[in-house]
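Let's take a walk through this protein together.

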Amino acid sequence: MERSAWPKNLSSSSKRAIQELCGQNPKKLRDAFDAHSQTGDDPRQPLFAGDLIVSVLGSFSTNTQSLSKGAESYEVSQVPSNACVMSEVSKGSESVKSPVQRPAVKSAKTRVRRLQRSPVEIVKPPVQRSPLSILCEQSLLEAATAIYEGRVDVASEIMRRLSAVPNPMSNSKQKLMGYMLSALKSRVSPVDYPPPVAELFTEEHVCSARSLYELSPCFWLGFMAANNAILEAASEQPSTNRLHVIDFDIGWEGQYNNLLDRLSMSQAGNQFTLKITALADSLHREKRLRMLWNGLSDLAARRGFRLVFNIVRQKLSELSLGSLGCEPDEVLAVNLAFKLHRMQDESVSVENTRDELLRRVKGLAPRVVTLVEQEMNGNTVPFTMRVGEALAYYGALLESIESGVVRRPLERVWAEEGLRRKLGNWVACEGRDRVERCEVFGEWRARMGMAGFQLKPLGRHVADSLTASFHRLEWACDPRFTVTEENGVVCFGWCGRTLTVASAWH
């Protein structure tokens, strides 16, 4: 192929990928190239980059092996064992990096990325991904761009051709491509491919989230960081032996099992009382909270201190110190782990329940407020950037889960189904239907500041303590997971990409 024949809007990474594949099978690539050329002065010029890419992918679709096992063997043979593999897919001047699966190597050095607050995470790629993976991502981004620009017919054609490429969904990269293709179809044809909206409020999704929290260190360590902040706040008032935690959405009972265990060690011999007030927004949630209450009561009895568990069902506007059972001699803490990103803000409704909740919490005058959220930008950014962010973030998260759950396949299936629904809602939905509205920490910091909160720094000792706890678990000791303290917050990441951030406020 002559250089002049390449589409002008074809990214350099895609061009390199096609050239590598061309070396493997020149005839197929030339046939695909010629099949979608336009007439005119230069008949060799393809209609557009995405057209050429999906043609290339289609030329390999007759052999499923080349897209699954073949692609995997190529990546393993080309990637250094100690490299953190990232790849680039470009659209204009934008660039998104997403991680690639590789075998775990315990001797690999941990790479720590400083907390980014730019619209899209940027990580230098030491090596390239497989050409087929790059082309799939490029095609998805081309489809997203076409949707954003109103060229639905172009996007539909790209997705039709991608659907013809066999995808066995046997590893994290293939699942990411399948989830994103499904989400884009829902975006274009919501009647034929209904996007997940109501499903995000079902008991099944709650169980999926619980599996994610248990499997991913980036999530359960975030809960542990929140507990650190709560216990530190309690230690600052030694004159009282009463701790009251208000939780607006108990997502993982393991957080409170851990809190009870740590209280039993720090308050041994004291007549200590832990009060937990949980808010329930449905009968299903209330039933689950009662089951949690029974389990925690048994644990507290064995640990030798008193547990009070209250379940409250009230409107946000009705919340007050009295309705939540707050008493003057208590150390009051509010836990907002993975809660705020599911609440609508001013971009969706004038009601702005996100800021209203923060104002209500501030009015309670808690000793500490814990905030744990996914480090993901896309609440108000353009659609194409949102898709790129989803490919980068969920690519890293799916790979991190895949790396350490060999012995827990059922929980992995549950967690991945939950991520499929979350990604689908993030990409396909708008307005009130879009439940997933994650922000980067810089946005949360600004919002907390506007509500009157000040950062209560989590010191480096918190990050060191969590790292030590993590490394005591042999199954989870993977050097590609990172725990870092940065400007008073603790960041949890995978292979250079921050996935969650924990912070404390007062």
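Start with the open sheet: eight strands in the order E5-E4-E3-E6-E7-E10-E9-E8, with mixed pairing. Helices (H or I, at least four residues) and strands (E, at least two) are DSSP runs, numbered from the N terminus, and two strands pair if DSSP finds at least two bridges between them. At the edges sit E5 (306–312) and E8 (481–486), each pairing on one side only. From one strand to the next, the twist averages 15 degrees. Axes here are lines fitted to C-alpha atoms, for helices over the stretch in contact, and angles run from 0 to 180 degrees between N-to-C directions.

This is a predicted model, so local features need pLDDT of at least 70 and side-chain atom pairs pLDDT 80 or more, while totals for chains, interfaces and linings use all residues. Residues are numbered from 1 along each chain as its sequence is written, and side-chain values use heavy atoms, leaving out hydrogens and water.

Now zoom in on E6 (331–337) and E7 (368–374), which pair in the parallel sense over five bridges. Ala337 stands opposite Val372 in E7. Helix H14 (383–403) packs on the sheet, touching E7, E8, E9 (489–494) and E10 (497–505); contact means heavy atoms within 4.5 Å. The direction of H14 makes about 90 degrees with that of E10.Finally, H9 (203–215) supplies the largest share of the largest pocket's lining, seven residues.
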